[in-house]
Amino acid sequence: DYLFHLENYQISRYWRIIFRKIWPLPAIPRQRLVWTAKLKAVFSLSLVLQALAAFGVSYFFGQSLAGLFFYLSVFLIFLILFAGHFVFLTAAVLIVWPLDFFLKRIIVRRAKIRLAGFPDLKIIAIAGSYGKTTMKEVLASILGEKFNVLKTPENINTPLGVARLLLRELRPETEILIVEMGAYQRGDIAGLCRLTPPDIAVLTGINESHLERFGSLANTVAAKFEIIDGLRPAGIAVFNADNSLILKNYQRHLRGQKTFFYTAA
């Protein structure tokens, strides 16, 4: 369940991990597991499917068993099936997917409509292989001295999470919205930019982090530069001047926007 949640419910990636190294499990950076509504639904449904499978097998092979012996066989088969729990998790994800897809679209659409009612709101978006959260916190701290700032919490960096934040916490007095943009694959940051088109886009740096997820360094570069591709025409692009991959690629993603560089040196 933790692996599925960590892989953002991408079935292909989840099964790749299962088949590559079932035991011992691959080393995983332990992140706090957030029991979202989707995770609760998937986990509960997977247990229901597993229980139904146990009842079905017990009934098929043990119709002559009665009373306590029948339910004992159900329990034992349930435990045996638990070794293949990942199969039931996958089935649960597939069953939940259509409803999850449409609910996400509705929530994101509502957030876009709400955001349209704030024409003066300035949006600062931050992306990069590293340093996103630090940059977000620094900007929020500095700008918060003069402006009313709303920022995404530490673990909120997907369209659904940002949409819920907008619906729940965006207020008429909010002047600046700071959005940390994460990416599991190419297109993720572009989707966030469609929801919250940035007036200022900050690219903190690009490196080989999550290379396995993107497949190649070229894909990583393209994914991170989606934040510049999604920048408003009159927006401002801010780059880390210490990062060679940014310096090699930034010019071909600009469309006449103002450009600034920062350095830690």
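Buried, in what follows, means under 20% relative accessible area, exposed means over 50%, and partly exposed is in between, with a 1.4 Å probe and protein chains only. This is a predicted model, where local features need pLDDT of at least 70 and side-chain atom pairs count only at pLDDT 80 or more, while totals for chains, interfaces and linings use all residues. Residues are numbered from 1 along each chain as its sequence is written, and side-chain values use heavy atoms, with hydrogens and water left out.

F101 is partly exposed, because its relative accessible area is 28%. F102 comes out at 54%, so F102 counts as exposed. The two form an aromatic pair, meaning that ring centres of Phe, Tyr or Trp (its six-membered ring) lie within 6.5 Å; planes under 30 degrees apart are stacked, over 60 edge-to-face, the rest tilted. The structure holds 6 aromatic pairs.

Another of them is F239 with Y250, a tilted pair at 5.3 Å and 50 degrees. F239 sits in strand β5 (residues 236-240), and Y250 in the loop between α12 (244-249) and β6 (258-262), 11 residues apart. Helices (H or I, at least four residues) and strands (E, at least two) are DSSP runs, numbered from the N terminus. Together with F225 and F261, they form one aromatic cluster.

Next, the core. A nonpolar core here is a set of buried Ala, Val, Leu, Ile, Met, Phe, Trp, Tyr and Cys residues joined through side-chain atoms within 4.5 Å. The largest has 40 residues, and those touching the most other members are L166, M181, L203, F225, I227, I228 and F239. Helix α7 (residues 159-169) gives the most to this core, with 5 residues. A second, separate core has 8 residues, including I124, A140, V202 and V238. In soluble globular proteins, nonpolar side chains tend to be buried together.

Back in the largest core, take I228. Beyond neighbours within four places in sequence, its contacts (heavy atoms within 4.5 Å) are A201, A237, F239, H253, L254, R255 and Q257.

Last, L103, whose place is in helix α5 (residues 85-116). L103 counts as partly exposed because its relative accessibility is 42%.
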